[in-house]
Amino acid sequence: MTAPDRDPQDTRDPGLQPERTRLAWRRTTLAGTVVAVLAARTALQSGPTAARVLICALCAALWLGFLTVAHHRIRALTTTERSGPAALTPKHATAAALYTVALAVCAAALVL
């Protein structure tokens, strides 16, 4: 329990939440990398057709787009000030969500 004359913000460690968020972005990036690699493996292993190679290239492009957004956010989380990192902008949040969904759809298209 904090003393009544102390500000609750002084007792909070501002480094923990950004660190957890940064690690979550890294895990998500790793998962996207696995999806992209498995998509490429599937496209090349079962006989490369023009459609599969095109979808595989699209998966790679989507993965690079997500990687760019994630790297931007990870960098923002590691260069925080005392007040904490800036909030994720709606533009970046939307881009990350769209890249993730599109990558999953492309990978599913390769499996089917």
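Q: What counts as a disulfide, and how many does a search of the whole structure find?

A: A disulfide is a pair of cysteine sulfur atoms within 2.5 Å. In general, a disulfide is a covalent bond between the sulfur atoms of two cysteines. Here the search of the whole structure turns up 0 disulfides. For Cys 56, the nearest cysteine sulfur belongs to Cys 59, 6.3 Å away. Cys 59 is in no disulfide either: the sulfur of Cys 106 is its nearest, at 4.4 Å. Keep in mind that this is a predicted model, where local features need pLDDT of at least 70, side-chain atom pairs count only at pLDDT 80 or more, and totals for chains, interfaces and linings use all residues. Residues are numbered from 1 along each chain as its sequence is written, and side-chain values use heavy atoms, with hydrogens and water left out.

Q: Are Cys 56 and Cys 59 buried or exposed?

A: Buried means under 20% relative accessible area, exposed over 50%, partly exposed in between (1.4 Å probe, protein chains only). Cys 56 comes out at 16%, so it counts as buried. Cys 59 is buried too, at 0%.

Q: Which residues of α4 are buried, and where do they sit around the axis?

A: Helices are DSSP runs (H or I, at least four residues), numbered from the N terminus. In α4, the buried ones are His 92, Ala 96, Leu 103, Cys 106, Ala 107 and Leu 110. They cover an arc of only 105 degrees (taken from the directions from the helix axis to the C-beta atoms), so they lie on the same side of α4. Pro 90, Leu 98, Val 101 and Val 105 are exposed on the other side.

Key: Helices (H or I, at least four residues) and strands (E, at least two) are DSSP runs, numbered from the N terminus.
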